[in-house]
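Reader: Please take a close look at a single part, the interface. Keep it brisk, and give the cut-offs.

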Amino acid sequence: MASKNTTRRRAIILLTLTSIMLVTLDLQDSPKVAGLRSLFGTLFYPVEGVARVITRPVGNAWYGVTNYNKLLDENSLLRQQVAQQEGATVAAAASVRLSQELLALNGLPTLAGINAVTAQVIGESPTSFSQKIEINQGTDSGIRVGMPVLNAAGLIGRITKVFANRSFVMLITDPDFSISVKVVSTGRKTTESTVRGITSVTTSTAVPLEPISNTPDAETTTTTTTTIPIAGFTAVVTTLPSTPQGLTSITVPLPSDLDVRETGVIQGNGPTRQPTVRFIDNSLRFGSIEAGVPIVTAGGSRSLAPPDVLIGVVSRVVERVGSAGPLLEIEIAAELTNLSFVRILLYQPITEKKSP
Amino acid sequence: MLASRWTRLILVLLVVLALQTTLFKELRPFGVAGQVMLLFVICAGIQFGVSIGAIVGLIAGLMFDFVVSTPAGLGSIALGITGATAGLYLRFFPNPIWWLRLVSIGFVSIIGEIYILIAQAMIGLGVVLEFRLIKIIAVVTVINVCLTPGFLLITRWTLSERKKDR
């Protein structure tokens, strides 16, 4: 009996020391721990697969019982929303295309130039405390730790652990998530000026939406401006027919009328609280931030995400005393509770890229 | 080979872990995942004492750590301490009544969830103190209490000593 107790005590000490050593090594991103994880994952994967097949009917029954009515309501609501958004999507797509062409023309990086991998979400975190999901693509597809993950609506998180053919994505709501962002203030009054003699490189088709204002210029050209408010953005579609002399004109805003941008850092606050943006300058130049202002990634040589990936819109501004600047609560554009397919941008900042 | 209770433990833990990462990841009453690995450890501790509870907790935690993205070893320590805490029950109640056992399992479930949070906070993982934590702990406790009879049988079968073990 005494020898049995001694053996057990030794086993407890050994296992405890192993655990402490693993924690220490894993916090330093030791490749040995990653190898162990990978090995265990390989051994465990068949067992999990069998369990998934056996338990799937139970899970489906559970979803049927708990979510059926919700699903019906959601379905009808979504149909309405889809109908409403179809028109807006056309205008938004035209604006995005125009913006990307302009960026490409000026040699600026665009999202269209970054390769991406589509992955399926194969699981949520099995615990209730962390905000992570598991996807079915890994290093074999070129995915690396830190790469941004998006869905159709915008940024949802970033890769935190990668295996050969699966990865973990830390969602934007995780308390450990943070990334630099830009707050785009669009609250200023805009004035248009027409510049003659500039050859237009692109033409866009006017979208059949209700025109708010028409500003024809009888002398040189006819300009039709259609303004559609889309979640804080203003899509402006301009038709530029050629003049009889072959000249075209484009409408450019005055420098003082361009959108003002400020940078900050977004941080997750758990699934039930909205993420917040901190470190926004309390400057007069920027003016006051209002709800509905869009938040996009800042980009830059050290940022893990490229610039101008939509994250969400400001839902509330919490003013703070002193020089701390306001705290912005963000309503995320992506629906994080119902993720099926995601897109991983194979983007690494210059500082992270290994030289050949 | 199956006569060794430690071999049985590893095999049964693999099955329980598979259930944790499949079925109990999907069934989320009130948005909270049940923690059957935690329940297994508590049941082992409550039936076989401090040392067995601690060993089962350390092994189960280690296996669990390898499939989640939290640092490896963290869950092992938390579950090990939970198993040992559950094992203290036998010292206070050597001949337990059934309902007292259920109450104890519920109580240790609460403590176990708190241990996990403390362990995460100790290594600097973000833990947001909010009302949801109370909900998580409450739901996990209720699920554990509901599943207790089945898991008591499983742990008893797994960890009972057969002739070859002695």
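Author: A polar contact is a pair of N or O atoms within 3.5 Å; within protein, one must be able to donate a hydrogen and the other to accept it, and residues adjacent in sequence count only if both atoms are side-chain atoms. The model is predicted, so local features need pLDDT of at least 70 and side-chain atom pairs pLDDT 80 or more, while totals for chains, interfaces and linings use all residues. Residues are numbered from 1 along each chain as written, chains are lettered from A and ligands numbered from 1 in the order written, and side-chain values use heavy atoms, without hydrogens or water.

Start with contact (heavy atoms within 4.5 Å). On chain A, 43 residues touch 53 residues of chain B. Together the chains bury about 4300 Å², and 67% of that lies on carbon and sulfur atoms. Buried area is the accessible area (1.4 Å probe) lost when two parts are put together, summed over both.

Now the polar side. Polar contact links 8 residue pairs across the interface, both residues at pLDDT 80 or more.

Three elements of chain A each supply at least two residues to its side: helix 1 (2-27), helix 2 (31-105) and strand 1 (116-124). Helix 2 of chain A gives the largest share, 14 residues. Helices (H or I, at least four residues) and strands (E, at least two) are DSSP runs, numbered from the N terminus. By class, chain A's side has 22 nonpolar, 10 polar and 11 charged residues. Ala, Val, Leu, Ile, Met, Phe, Trp, Tyr, Cys and Pro count as nonpolar, Asp, Glu, Lys and Arg as charged, and the others, Gly among them, as polar.
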